[in-house]
2 protein chains.
Amino acid sequence: MSSIIGYYTTQFGELWDKSLFDLAREAISGVLQDCELEKNQIDAVFYGNMMAGVLENNLHGGAKIAQLLGTHVPIFRVESACASGGMAFHLAHNYILAGKAETVLVLGAEKMTDYPPEVVVQALAAAASGEEQEAGLTFAGLYALIANYYFSKYNVTEEDLAHVSVKNHFHGSLNEKAQFKNIITVQQVLKSSYVASPLKVLDSSPISDGACAVVITSNKQLLANAKNKVEILASEVATDALSLKDRAYFDRLEATSIAAKKAFEISKVKIEDINVAEVHDCFSIAEVLALEDIGFCKKGTGAKFVAGGKVTLGESSSFVVNTSGGLKAAGHPVGATGVKQIGEIFLQLTGRAQKRQVKNAHTGLAHNVGGSGGTVVVTILSNKN
Amino acid sequence: MSSIIGYYTTQFGELWDKSLFDLAREAISGVLQDCELEKNQIDAVFYGNMMAGVLENNLHGGAKIAQLLGTHVPIFRVESACASGGMAFHLAHNYILAGKAETVLVLGAEKMTDYPPEVVVQALAAAASGEEQEAGLTFAGLYALIANYYFSKYNVTEEDLAHVSVKNHFHGSLNEKAQFKNIITVQQVLKSSYVASPLKVLDSSPISDGACAVVITSNKQLLANAKNKVEILASEVATDALSLKDRAYFDRLEATSIAAKKAFEISKVKIEDINVAEVHDCFSIAEVLALEDIGFCKKGTGAKFVAGGKVTLGESSSFVVNTSGGLKAAGHPVGATGVKQIGEIFLQLTGRAQKRQVKNAHTGLAHNVGGSGGTVVVTILSNKN
């Protein structure tokens, strides 16, 4: 089995004085320092990035990372829209299981704020199908279609949903690397402008810059000497049709259910053992779907589950969702997000989550979604071994 | 160990009546027919594609493949410029070794000819570094810099180099799926227009559409029943700095030497055992570098090695290079090329290469390059087991 032994994240936000590879360089240097490794101890790199090709005509990023590291080791760029980071982690984990490497660095990086918003929104829509793009659908539009159907089927309101963002901004206020550290209220969410009805600005994750990296190893000596160590119990991927119209369900992301079910089976972890979860809240409705589709609560009850305060950080919390602030408050540099989610769980399970630490957290789950659910990665981590 | 049990390639060329996913659909359907499998026997898919994001704002292609297959299995899009196909194959092979799948489909697909040439050339330059792009360097320009240095160091001429394209067009004339089936002469190469001196139009691979797929399996029953079967003895990756200026050498691709050395070590194959090789001749100079850097001939002698006819198909050939026609004549749909190279070796080792069959071919090598050498994948295959 392999374990995560290091993590670093840059600040998330509008970082106009840093390029994509400035951020990548900082994340690589930071993670090597966190786990006290040298560059030449890295056997391979998996690099999650979505938009550099579309936004800045920058492909073949793996070789750019080789240049930064001064290495000849295998480096893979993986792209699955907003699940690029989680997919990079999944492949890195399996590269170790294949015996092809012992120590692998997983990098997620994205640079989104140097371009006009309409350019970025159009580029993000590249993760939707051609027919959805031709119909003028943005990502907010796709999730708004889901939200409207869900609202009418389960009698849920915009006010119910607002609690997701309120919680995540509260958590973001405790995370110094978060893009937004301001606490917000349900009234503020409800008064914010519509992006695509019923979803409003404060239901939506922002456009962000940022990079994160983790180091995974199966090397016995490194594991024995590791200051911090969290075992990878499961990493599972499922896919679904790219176009919403070709899905079996419209009130759930089936790929989440499939990946989560496999991850629980393989890890032998029970859902009630999870203390911390980072779920993919690109829009508030997406967190509600995630909580239900993973199995933390019943279909149709996710918004009230969050509104009740059960998954908000408190003195006696035993299960908290999106302690990082989620995509909503921590920010959503798309290729970095999946790595940040896993890194946040790593910080929680090694007792280093500072003001947002969940006491005695021992088992955590990360849930990363590409597009409107065409790709899902679920990772389960534990500090017990 | 795992083996390749099926291969299919579409026609390569200017296929204006087919979209990227039309080509992908044809390749998937074709390979399943070649190995007599059903869609639901595929455990995972690795998909190599370089340019769909830049050219048609089409990312998250993995989920589109899920839609075509009607599946929820893991699907990964891999991008390493013109090595995207070889890298997808490498990761697929290791996914099986990790025990995460038994039967994996590897797809490479690219759609390049629906756009004005200047748009495609600019998009291809995305595989070079930002500083090279800013300097106005195209891919032909980068390889021309290498060729000029190489010519002066080793006293090689444009005429020497011309034999590479002459050989590859001869082989292309025997391959019904090739983009160019016309035989050309050294004089025609020398009279063709300069693209970037000393490289001319007939030193350069074309802009192409096409898709290829192979199926790999470790499933004992499928292997026992396979009509055609070729074992994967080694698949090795090496990287180098993206920018030429940050490389240690300028007359060789160091990543080729590193990947080839590892592949020979791991496979225990000796270089003289290789009967067929597909090497990455995006420009004629690139085939010369490849032959030298893999170790088929000494540094500085590659052009004369080809000109002497030793690696051209003939009645008594025991070692032939680029029987498919190479990138030059078969065409170069960039994400598909790495899969086509492996597929061509598979056809040769299963005795199905028709007019271009090398008699008694038992061991083959495929060599796939990203950009100007920032990524290299070397694969060694055998039909002996």
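Chain A can be laid on chain B with an RMSD of 0.0 Å by a turn of 180° and a shift of 0.0 Å along the axis, the copies being superposed by least squares on the C-alpha atoms of residues with pLDDT of at least 70 in both. The two copies are thus related as by a two-fold rotation axis, and in chain A the C-alpha nearest that axis belongs to Ala98(A), 1.9 Å from it.

This is a predicted model, in which local features need pLDDT of at least 70, side-chain atom pairs count only at pLDDT 80 or more, and totals for chains, interfaces and linings use all residues. Residues are numbered from 1 along each chain as its sequence is written, while chains are lettered from A and ligands numbered from 1 in the order in which they are written. For chain A the mean pLDDT, the predictor's confidence in each residue from 0 to 100, is 97, and the complex is given an ipTM of 0.98 and a pTM of 0.98.

Where the chains meet, 51 residues of chain A are in contact with 51 residues of chain B, contact meaning that C-beta atoms, placed from the backbone, lie within 7 Å. The side of chain A that touches chain B divides by class as follows.

| Class | Residues on the side of chain A |
|---|---|
| Nonpolar (Ala, Val, Leu, Ile, Met, Phe, Trp, Tyr, Cys and Pro) | 24 residues |
| Polar (the others, Gly among them) | 21 residues |

Leaving aside its neighbours within four places in sequence, Leu107(A) is in contact with residues including Ala24(A), Val45(A), Ile65(A) and Ala213(A).

How values were computed
Contact = placed C-beta atoms within 7 Å.
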